[in-house]
Amino acid sequence: MTLAMPIAPEANELLSRDAFALLLAMMLDQQVPFEKAFGSPYELTLRLGHEPTAGEIAEFNPEALAAIFSERPALHRFPKAMAARAQELAKIITDRYDGDASAVWEHRGRRG
């Protein structure tokens, strides 16, 4: 049984199969409605034209990423700060988990 969140079906589908998108949603779930936080990874996918990997976000130009987060409607109440946090999260996933966000739950990351 799959539990659907009160967001667009496409956003639910993305979160259910992409661990990095789910981690982004969890990170964005601060000072915004739940639906906004958990729908934003899908909106980011739409804005980029494809599903981003942790490696891609880690290497993204910080100003360009902040601009994407800031497009109306912004992906978060504090789009520039959250774009920076998303990039930090992506770097952790890339560096410690070889880009595999699902490894966070499997404890396969490298220490350090």
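Q: Where does Phe60 lie relative to helix H4 and helix H5?

A: In this predicted model, Phe60 lies in the loop between helix H4 (54-59) and helix H5 (62-70).

Q: Which residues is Phe60 in contact with, leaving aside its neighbours within four places in sequence?

A: With those neighbours left aside, Phe60 is in contact with Leu48, Leu65, Ile68 and Gln87. As for distance to another part of the chain, Ser102 is 42 residues from Phe60 in sequence, and their C-alpha atoms are separated by 21 Å.

Q: How should I read a helix with buried residues, and which residues of helix H1 are buried?

A: An α-helix has 3.6 residues a turn, so residues three or four places apart point the same way. In helix H1 (residues 9-17), the buried residues are Ala11, Asn12, Leu14 and Leu15. These four cover an arc of only 160° around the axis, which puts them on the same side of H1. Pro9 and Ser16, on the other side of H1, are exposed.

Q: What do the buried residues of H1 pack against?

A: They pack against helix H2 (19-28) and helix H3 (34-48).

Q: How should I read a nonpolar core, and how many residues has the largest one here?

A: In soluble globular proteins, nonpolar side chains tend to be buried together. The largest nonpolar core in this model has 33 residues, and those with the most contacts inside it are Phe20, Leu24, Leu44, Ile57, Phe69 and Ile93. Two or more residues come from each of H1, H2, H3, H4, H5 and helix H6 (79-97), and H2 gives the most, with 8 residues.

Q: What is the overall make-up of the protein in helices and strands, and what radius of gyration does it have?

A: The protein has 7 helices and 0 strands. A compact globule of 112 residues would have a radius of gyration near 13 Å, and the protein's value of 13 Å agrees with that. Of the 112 residues, 40% count as buried. Among contacts between residues at least 6 apart in sequence, 57% join residues at least 24 apart.

Technical notes
Residues numbered from 1 in each chain as written. Predicted model: local features only at pLDDT ≥ 70, side-chain atom pairs only at ≥ 80, totals over all residues. Heavy atoms only, no water. Buried < 20%, exposed > 50% of the residue type's maximum accessible area, 1.4 Å probe, protein only. Arc of directions from axis to C-beta. Contact = heavy atoms within 4.5 Å. Core = buried A, V, L, I, M, F, W, Y, C linked by side-chain atoms within 4.5 Å. Rg over C-alpha atoms; globule rule 2.2 N^0.38 Å.
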